[in-house]
Amino acid sequence: MAEQRKPRRTTVADVARRAGVSAMTVSNVLNAPHRVSEPTVRTVRAAIEELGYTPNHAARALSSGRSQVIGLPLYLEDDAFSDQNPGLGGFLHGLMGGLVKSAARSGYGVHVTTPTEGATEIALYEKLIAARQVDAIVVLETMPHDERIEFLSRRPFPFVAFGRTGPQHRQCWVDVDNETSMAGIARHLDATGRTKAAYLATDSPLPWVHQRQDGFRQEFASPVTVESFGSLEQVSAYVEEVLGRPDRPDVFVADNDAYAVVAMRALQRNGVKVGQDVAVTGFNDFPFAGMLDTPLTTARIPLRDIASCLFERALREINGDPDQPGRLVTAPLVVRSSA
């Protein structure tokens with residue numbers, strides 16, 4: 001009986017022939033897609049999928065000295081998924097899913113981890129770096145003068161930030177263009193004839209809170225009343241209170257979808273027709289936003305696009321490519337019946 005041969009493993013050269021490019025171009029698509037034109041990236045990835053090519057991660061890691069892993073440390077408080085943050089789980093799921101998918105295309109994995117009780121996020125960074133477990137770290141929700149960015153910049157160690165870094169640091173960040181995105185909501189409300197806006201702001205020092213507020217106030221044609229809240233209950237109480245005023249708002253603009261939904265419920269309890277008598281808008285487009293009795297007009301944060309940009313910027317850092325400006329991604333307006 002003849003010995004049965006194992007099928008030959010598909011190689012980079014096979015992919016290159018199918019795509020009509022060089023082996024180096026295939027390697028760049030896998031390891032540094034930002035160096036290749038978008039049409040060529042699509043052609044090579046189509047050939048990879050058609051041939052079922054899978055990179056030899058062990059060989060690549062051995063030859064390059066890299067782990068082929070991106071680190072995603074999450075430092076979440078015990079109440080992070082409380083009723084006050086109903087959309088956080090969906091937000092993180094969308095971001096992580098997009099990052100895993102983008103990384104897999106280049107033969108990378110994503111290591112999601114969290115500090116042990118009592119430890120800091122920076123202590124976790126030190127552990128990951130010392131053990132050479134990851135090639136780069138993704139930092140979430142950066143703040144002005146962020147000590148995490150200071151630490152990684154001093155090492156130096158490849159990193160990419162979801163949120164802007166300071167001018168004294170590498171501009172290896174991707175962020176939502178909150179100002180432009182919220183300005184789009186303001187223009188839409190102007191066009192639909194709304195003139196009395198009550199702006200429902202999150203009581204937080206996070207930069208996006210102020211960016212969104214500034215974007216709306218700069219673009220909305222009429223004066224804006226701004227109130228900040230630390231809980232959903234405070235939002236509900238405020239909306240019910242202002243309904244009794246003779247100059248009540250004709251639109252409630254929330255800087256997040258949770259506040260918008262609470263405002264809608266308060267209005268509906270008081271017999272107000274949302275979208276007709278009073279408009280309501282949000283920001284994020286969490287999964288529940290389009291499934292409400294009155295679907296919510298909001299700005300959709302494109303998490304998959306952001307995740308793809310984050311991974312490509314991480315690869316630039318790993319490869320030691322020249323610094324470039326940070327990347328802003330617009331959250332497009334999704335118009336539904338609430339406004």
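These notebook entries record what I looked up in a predicted model.

**Entry 1. Conventions.** I number residues from 1 along each chain as its sequence is written, and my side-chain values use heavy atoms, with hydrogens and water left out.

**Entry 2. Nonpolar cores.** I looked first at the cores, a nonpolar core being a set of buried Ala, Val, Leu, Ile, Met, Phe, Trp, Tyr and Cys residues joined through side-chain atoms within 4.5 Å. Buried here means under 20% relative accessible area, exposed over 50%, and partly exposed in between (1.4 Å probe, protein chains only). The largest core has 45 residues, and F216, I306 and L310 have the most contacts inside it. Helix α12 gives the most to this core, with 9 residues. Helices (H or I, at least four residues) and strands (E, at least two) are DSSP runs numbered from the N terminus. I then listed the contacts of L310, where contact means heavy atoms within 4.5 Å. Not counting residues up to four places away in sequence, L310 touches L95, L99, V138, V160, A161, F162 and V174. A second, separate core holds 25 residues, V262, A263, L267 and V272 among them.

**Entry 3. The second largest pocket.** On a 1 Å grid over the protein atoms alone, a pocket is an open set of points where a 1.4 Å probe fits, with protein on both sides within 12 Å along at least five of seven lines; its lining residues have an atom within 4 Å of a point. Grid points are joined across faces, edges and corners, and a volume is the space filled by probe spheres set on the points. I find about 360 Å³ of space in the second largest pocket. Its lining comprises 16 residues, with D305, S308, C309, E312 and R327 nearest the centre. The elements giving two or more residues to this lining are α5 (88-105) and α12 (303-319); α12 gives the most, with 7 residues. I sorted the lining by class, counting Ala, Val, Leu, Ile, Met, Phe, Trp, Tyr, Cys and Pro as nonpolar, Asp, Glu, Lys and Arg as charged, and the others, Gly among them, as polar. The lining has 9 charged, 5 polar and 2 nonpolar residues.

**Entry 4. T297.** I located T297 in the loop between β9 (279-281) and β10 (298-299). T297 is buried, at a relative accessible area of 0%. A polar atom of its side chain lies 2.8 Å from the backbone nitrogen of R336. Beyond its neighbours within four places in sequence, T297 is in contact with residues including H188, V280, L333 and R336.

**Entry 5. G215.** G215 belongs to helix α9 (residues 207-219) and is buried at 4% relative accessibility. N178 is 37 residues away from G215 in sequence, yet the two are 7.0 Å apart, C-alpha to C-alpha. With neighbours within four places set aside, G215 is in contact with E179, M182 and A183.

**Entry 6. Backbone geometry.** I noted a cis peptide bond between R155 and P156, with omega about -20°. P156 sits in the loop between α7 (147-154) and β4 (159-162). Q68, which is not a glycine, has a positive phi near 60°; Q68 lies in the loop between α4 (57-64) and β1 (69-73) and is buried at 6%. E141, also not a glycine, has a positive phi of about 50°. I place E141 in the loop between β3 (136-140) and α7, where E141 is partly exposed at 49%.

Definitions and conventions: Predicted model: local features only at pLDDT ≥ 70, side-chain atom pairs only at ≥ 80, totals over all residues. Polar contact = N/O pair within 3.5 Å; in protein donor to acceptor, adjacent residues only side chain to side chain.
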